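Let's walk through this one together, starting inside one chain and then moving out to where chains touch. Have the structure open as you read.

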Amino acid sequence: MPQHDVVEGLGLDQYKYHFITEDEPVFRSDRGLNEKVVREISAQKGEPEWMLEFRLKALKIYNSKPMPRWGGDLSQLEEVLDQIYYYVRPQEKMERSWDDVPESIKTTFERLGIPEAERKILAGVGAQYESEMVYHSLKEEWERQGVIFDSIEDGLRNHPELFREYFSTVVPPGDNKFAAMNSAVWSGGSFVYIPPGVELETPLQAYFRVNQEQMGQFERTLIIADEGSRAHYIEGCTAPVYSTESFHSGVIEIVIKRGAHFRYTTIQNWSHNMYNLVTQRARVHEDAHMEWLDGNLGSKLTMKYPSCYLVGEGAHGDILSIAYAGDGQHQDTGGKVVHVAPRTTSSIVSKSISKGTGRSSYRGLCKVYEGATHARSNVECDALLINSTSRTDTYPYIEIEERDANVGHEATVSKIGDEQLFYLMSRGMSEEEAMALIVRGFIEPIARELPLEYAVELNRLIELEMEGSVG
Amino acid sequence: MTTATPVIRRPMGTVEGVTGAINRAAVTRLSTEEPSWLRERRLRAWEIYESTPMPTTRLEEWRYTDLSKKLHLDDLKLLVPDVRVLREEEYPDQVRQTMGEDRAASGHLVEVDGAVVHTDLGPELESKGVLLTSLRSALTDHPGLLERLLATEAVPPEEGKFQALNAALWTNGILVFVPKGVDLEIPIRVTRWLSQPSVAHFTRTLIVAETGSRVSYVDEMLSGDFDSQSLMHSTVEVFAGDAAQIQYVALQRMGRGVFHMSTQSTLAHRDSTLDTLNVNLGASVARLDLNARLLGPGANSDLLGLYFGDHDQHFDHCTSQDHVAGHANSDLLYKGSLDGSSRAVFRGVIKVHPGAQRTDAYQTNRNLLLSDQARADSLPNLEIEADDVRCSHGASAGQLDQDALFYLMSRGLSRAQAERLVVMGFLGEVLSRLPLSGVVEKVTHAIEEKLGYA
Amino acid sequence: MPEWVRVAGLDECPPGNLLSVEVRGHRVVLANVDGDIHALQDECSHEDYPLSDGELELTELECIYHGATFDVRTGRALRLPAVKPVRTFQVDLRGSEIFVLLE
């Protein structure tokens, strides 16, 4: 049996969540992006003047920046951007309890497969449905501990000083064209603050969902983990399949203060017509620890490189990235670690699978500034190719300005080895089983990092489906 | 103040890189007595040069080498090659010294300030049809070969701004031709000397080894130290026919004040072996563009590089392993150590074209940082469009192996001695992969000189 | 020995504006904050692009290329992606002439 048929059997590239829920948005902006749309968004949200100015300036920056000429193919994107709605708000008010959530939205979640039991267990669920947070709950004891887990709009409204102190200090609008676009039209996303010393055992979770044809989604998340705190935030995305292109451009800013430990997990399974262009960056202070766990399975093109700026002595950054590119998909992903302070350490592990005409590219930066003495960094990239039409690239940038640094980068590209297959089949497995086992083994180092209770996206999409395909 | 798209700032009405010396008239002058195919080729190359913008750091390939700061084209005159033939006792001391170490050779060629002042080749080889000659003489004696291979398939002017400039303004160079089945057991040795500051020197090398032949070629480039910049631009085109074996070695030991640019392209056909070793020790700025093309099954290319920077030296290595055909191998190893405020850039790509199945390609770049001000940038890229391949790359940067140092010192060596040994051991790996007689000793000695040991 | 060098007239760099000057091999950007002149190396510490293409707002200079922001009084980096300060130069205003202390 040809290898691609076997992998087809793994079901990885079948888009399961192809359904549309009917509901009427309360407000929808005009198509396309212009000053009027930006002013409308700001007015709809009842924002302070400084935020409107921030948005308008970002719009100017967006218009002045050329389309990136690196990474994925963005040649069709301009047309898409003229056609999408930059703002859709489905409901007037934030929901406080599950019972108040509209039936159609509940249906959507159900079909996504969040089990009833798990919903109860999940500590806080900030679910983004279209552009606005529609459902938001937080365990009582966390509220007592002073944890803030709000929609980004509420964060701005209810915690204006804290918000303004950190907002756009990690990812300024000028950083790149899509950060500028997001800064102009952001809507939805989370605002998280973990007070000093507070440790959360259950993860904070937000589901993001795009459900409006030709609607762009521009979520903006700002997270501050104060000194000595510890938390895990999980974001997962699925979207129904439409025939026209769609677009998602988020900005995630995270500040990890001294001694804090924070993990941010994304499992991205956008439908295969989605452009997913995201800027995720963390500023990591003294002895703090940041982990990005980034899974990219869906979308037409994803360009996303979670970053750790290790600015405090002893700071640590981990990036664990997995990409699956099926027919017509391009996953251009990776990570950046920037060592600024002494004794900073980092690790990037990237695994990718390319199948059919899929292409996965690793793009990464490891930079050690002068003065980051005893910096240590290690990067490992493994790419698995399934077909002769598949493609993989590796584009690491390693910039070392400090003698007393130790930096290593290794990458390998391979296809599923005949020897491996032969060995497993000689142990009595079918070729199909052997293939599945090898693919699962390949991604296992990343899959095992996910918390058990997060059995919704990756577990479903990879482990269960693959296991189901065996035998 | 504006947020408009930034543009490259340039005085209005001038074309980048066209100067009082480097201009179309210079190209015309150079080609007045040349065959028409060459004149046309030069003029076309000039047009490409003029219409290609000067590379800036916004181009990926030039990200780490800012020509607006490093290259002073406006101050350069064109080198006018001296046509007289020198007697050996008239050679510069450094040339005589290095030739003294190179007695054992299949042939010698000496170039002083762009003029070939000496060639010798064993009479037996000559009778077999081997050629070792200046490009100027070859224009008269073997025009067909040059018309076919010079700046056509290997390094056409479309490759880039400076490749075009070289194709327009080259004054002389070297042709090596080895006919079918002829085996040169010991290397051909070339020594070049540049004595003049403030000049631009464009030279080309063409090496052709026919089916089943074998040749090794060592090109050593020397110069004095200059207060004002000289540019040496060298284009090297190497063709290995089926089952031919070529070893190409470039030893760049030029003086301070020199900007050395080298564009090399190697074409390896079926079952051939085409290895290169580039040693960068000298010059203030050295830029290498090396493209190794694997064109037939069974072809094999090793790409070796060694560099040692000190003071404010700046080395930029840009390599590609281009697997056009399947069932071919390439293996790259570039290692360097950096002292003072020197800087090294390595950008390499393994490109496996669609259909190039059964490719084995490897790439390793390792940097040893010896000082706080030194800097290393490494970009080992992979672009793989076939699935049945074995490809990997690795890059690292770090300081001296402390355990090794400690061990050597515990055996009674001084810290300085131990450091030298560890550096030599680190770099020695590269030389051990291409153990050409004379080369290992010479490079070892040159590095020891830089380490202040000799 | 550093020397005071005239780099521009005050009228060339009105309040709220930036001016790029190239003197003795230094590329310097002048910033006029309400009549106070500050001088910085005209090179962003993030990717070496000229800061003079950017925007000045009060004491903050924003690099147009990637949004890094610096305090023109101290050269301190205020926002990512810049993490290192930009070099500053001493400035002396002599009548309507701007002098900068340069090597």
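Helices (H or I, at least four residues) and strands (E, at least two) are DSSP runs, numbered from the N terminus. Axes are lines fitted to C-alpha atoms, for helices over the stretch in contact, and angles run from 0 to 180 degrees between N-to-C directions. What you see is a predicted model, where local features need pLDDT of at least 70, side-chain atom pairs count only at pLDDT 80 or more, and totals for chains, interfaces and linings use all residues. Residues are numbered from 1 along each chain as its sequence is written, while chains are lettered from A and ligands numbered from 1 in the order in which they are written.

Start with helix H10 (residues 415–432) of chain B and helix H11 (residues 439–450) of chain B, whose axes come within 11 Å and cross at roughly 155°. That makes H10(B) roughly antiparallel to H11(B) (the label for angles over 145 degrees). In this pair, Met424(B), Leu427(B) and Leu431(B) of H10(B) meet Val440(B), Val443(B), Thr444(B) and Ile447(B) of H11(B); contact here puts C-beta atoms, placed from the backbone, within 7 Å.

Now look across to chain A: 35 residues of chain B are in contact with 34 residues of chain A. On the chain B side, strands S18 (359–369), S19 (375–384) and S20 (389–398) each give two or more residues.

Strands pair if DSSP finds at least two bridges between them. Six bridges join strand S22 (residues 391–400) of chain A to S19(B), and the two run antiparallel. Asp393(A), for one, has Glu383(B) as its bridge partner in S19(B).

Definitions and conventions. Two residues are in contact if their C-beta atoms, placed from the backbone, lie within 7 Å. Angles under 35 degrees count as roughly parallel, over 145 as roughly antiparallel, 65 to 115 as roughly perpendicular and the rest as oblique.
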